[in-house]
Amino acid sequence: MRIATVFHRTGLRATHTASLALLLAAGAVAAQAQAPAAAPTVSTQPASAPVPAKPQPPRPLVLKLQPGPFNHADDIDKGAGVVDVTLTIPDVQAAADTPLLQLPLVVANVETVAVTLKELTVRDSHGNVPLATRDIKGSNGKLREWTSPREVQGDLVVHYQAPVDNAPPKRGAAPPYSLRTEGGGFSGVGNVFVLLPSGAKQYPLALRWDLSKLGDDASATSSYGEGDVTLPVGAPARLWSTVFMAGAMHRVPAEVKPKGFSSAWLGKPGFDPEPLMTWADQLHRAMAGFFGDNAETPYRVFLRYNPINAGGGTALAQSFLVTYGKGIDVEDLKITLSHEMTHTWTEGPDQAWYEEGVAVYYQARLPYRAGLLTADQFLADLNQTAARYYADALNTTPDAEIMPRFWEDTRIRTLPYDRGALYLALVDARVRKASGGKRSLDNLVLEMSRQRGARPEQQVALWQQLLTRELGPAGPALHAAMLAGELMEPESGDFGPCFKRGEKTVRRFELGFEPKSLVGHEKTIRGLQDGSAAAKAGLRDGDVVTYGVALDAIQGDQKAQLTLNVTRDGRQFPITYLPRGERVKVWQWQRVPGVADDACGI
């Protein structure tokens, strides 16, 4: 899943100094103009003009990471330690009580180290900088700022320790951003542990590693390259969308090249990731060809354990994280890999229905076209998306209500993925029909991909223009219906000649209590429904619970049971039940007999 990084900008005070040489030269010229004329003299030397000072290149912001050592490093549930962080910010000029540093408190339901970091010290040219903190409302939640009661000048050297803890996240389902240790190394995303300077100033960025605490076999990588890397001038927030990994890593390909695909993981996942990552390498080449990307941009896949949302992933700068868990199906990970890889080229309007809908639409389609999945695997993926969408009790929720409620209810959270993909399937079918098969959704998405640098409002306008160009007024009308929450229902032949539409009866996903009970530090059951599977299993209002599975995946699996670890009256015990309610009919597709895979036209 793709989550946009948002950061707060606060201006730093800047000082400007005039050139003393230019002032003196100007004064000399003025004095000469007022002096009495002197007798002419003959000079044997030519007049010389002042040589302008050569501009100095900007100095980099330097991030140095020293991970480890880690206790219980091979225990996926108990590993712990620290990452020692040193941040050097050049040429700071800040008035007293203005923001110096910042880090969100929570990013996409993941707690950061803003509260838990240790041994924070800051120095400038005058010595130790006293600090104060304040929490403000940022554009994407609360933001912690660090200020100083005195003026700050010169290079700012920030040092602290970011704690690593493998305990399951307290807030529940979330992207795999948090710091983890596996196999004696560590991994994590910058948005949960790297403090950044406040303000809009841009810097070259230098990433430096000290691996002295990780052993002789350790190496380091990040979204931007192997080991120490230096990036050109840009926003420091690039570090918040960066994956970091260090330790005794396993790699595919074994010899990492500066361009193209590479992958890395730590420890022993319980299955052999090498065939999966070789498959991902082949898919990356196929996708780059489809999207017309001949630049061989570096692209890195990081594989790591996820205790609560196994099988999920998140796209980041030039890379993505894909996660596994106990009992994960490697074939399912192929779909996750494909989904996240699609994000590399399909960024469009900053709206979840497009970003996630396009990724779901292509996640089995492009591997099928490349010969990396069968038509039946494509069908299985389509039917899983369709069943979850049509059985969702909240599937008519308007698009405008989704993001404010995104993390509070899995039935809301999955709508941009499922509804977006089926809406795009409808667009594809109608474009094919209107053009007599000469054009398809591919043409629209490729044109959107070429405009990825446009502003969000321009991208939204472009999508509307493309719909109008291909479908006339019916295009924007379909789009408006999708945003309003109308059901998106592709017809029987809309997925090509291989598949026809039919009905199937399934049971709705139903927790049996208020879904918001599972949000926050302490998850306390509220609104228990009489007669629900949860009530019949023995759950009660007021029970404090934890869980270690992905509700999004359970919602899409008719047979998946949910286990809640309950604390009640000082006792702890598990309650397991099937979170299903009423029976409803959903659209599903099935193979048309006699049509070969190579004639499916997907």
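**Exercise 1. Helix H6**

Determine how the span of H6 compares with the expected value, and how far the helix is enclosed.

Solution. Step 1: H6 covers residues 375–390, 16 residues in total. Step 2: from first to last C-alpha the helix reaches 22 Å, close to the 22 Å expected at 1.5 Å a residue. Step 3: 12 of the 16 residues are buried, so H6 is largely enclosed by the rest of the structure. Step 4: the buried positions include Phe378, Leu379 and Leu382, and also Asp381, Asn383 and Arg388. An α-helix has 3.6 residues a turn, so residues three or four places apart point the same way.

**Exercise 2. The partners of strand S1**

Which strands pair with S1, and in which sense does each pair run?

Solution. Step 1: S1 and strand S14 (residues 203–209) are joined by five bridges in the parallel sense. Within this pairing, valine 62 has alanine 206 as its bridge partner. Step 2: S1 and S2 run antiparallel and share eight bridges. Here asparagine 71 stands opposite alanine 80 of S2. Step 3: strand S1 spans residues 61–71 and contains proline 69. The peptide bond between glycine 68 and proline 69 is cis, with omega about -5°.

**Exercise 3. Backbone geometry in loops**

Locate a further cis peptide bond, and two residues other than glycine with positive phi.

Solution. Step 1: the bond from valine 252 to proline 253 is cis, with omega near -5°. Proline 253 occupies the loop between strand S19 (250–252) and strand S20 (261–265). Step 2: aspartate 97 has a positive phi of about 65°; its place is the loop between strand S2 (80–94) and strand S3 (99–104). Step 3: asparagine 109 has phi near 75° and lies in the loop between strand S4 (106–107) and strand S5 (110–111). At 7% relative accessibility, asparagine 109 is buried.

**Exercise 4. Aromatic and charged contacts**

How many aromatic pairs does the whole structure contain, and how are two of them arranged?

Solution. Step 1: the search finds 19 aromatic pairs. Step 2: phenylalanine 291 and tryptophan 345 are stacked, at 5.4 Å centre to centre with 10° between the planes. Phenylalanine 291 lies in the loop between helix H2 (273–290) and strand S21 (299–305), and tryptophan 345 in helix H3 (residues 330–346), so the pair ties together parts 54 residues apart in sequence. Both residues of this pair, phenylalanine 291 and tryptophan 345, are buried. Step 3: tryptophan 353 and tyrosine 423 have ring centres 5.7 Å apart and planes at 80°, so their pair is edge-to-face. Tryptophan 353 belongs to helix H4 (residues 352–363) and tyrosine 423 to helix H8, so parts 70 residues apart in sequence are tied together. Tryptophan 353 and tyrosine 423 are both buried. Step 4: ring pairs also join Phe290, Phe291, Trp345, Tyr361 and Tyr362 in a cluster. Step 5: the charged end of arginine 501 sits over the ring of tryptophan 587, 3.5 Å from its centre.

**Exercise 5. Confidence**

Which stretch has pLDDT below 50?

Solution. Step 1: the mean pLDDT of the protein chain is 88, and 91% of its residues reach 70 or more. Step 2: the stretch below 50 is residues 1–46, which has 50 contacts in the model beyond near neighbours in sequence. Step 3: where pLDDT is low, predicted coordinates should not be read in detail.

How values were computed
Residues are numbered from 1 along each chain as its sequence is written. This is a predicted model: local features need pLDDT of at least 70, side-chain atom pairs count only at pLDDT 80 or more; totals for chains, interfaces and linings use all residues. Side-chain values use heavy atoms; hydrogens and water are left out. Helices (H or I, at least four residues) and strands (E, at least two) are DSSP runs, numbered from the N terminus. The expected span of a helix is 1.5 Å times one less than its number of residues. Buried means under 20% relative accessible area, exposed over 50%, partly exposed in between (1.4 Å probe, protein chains only). Rings of Phe, Tyr and Trp (its six-membered ring) pair if their centres lie within 6.5 Å; planes under 30 degrees apart count as stacked, over 60 as edge-to-face and the rest as tilted. A charge sits over a ring if NZ of Lys or CZ of Arg is within 6 Å of the ring centre and within 35 degrees of the ring normal. pLDDT is the predictor's confidence in each residue, from 0 to 100. Contact means heavy atoms within 4.5 Å. Two strands pair if DSSP finds at least two bridges between them.
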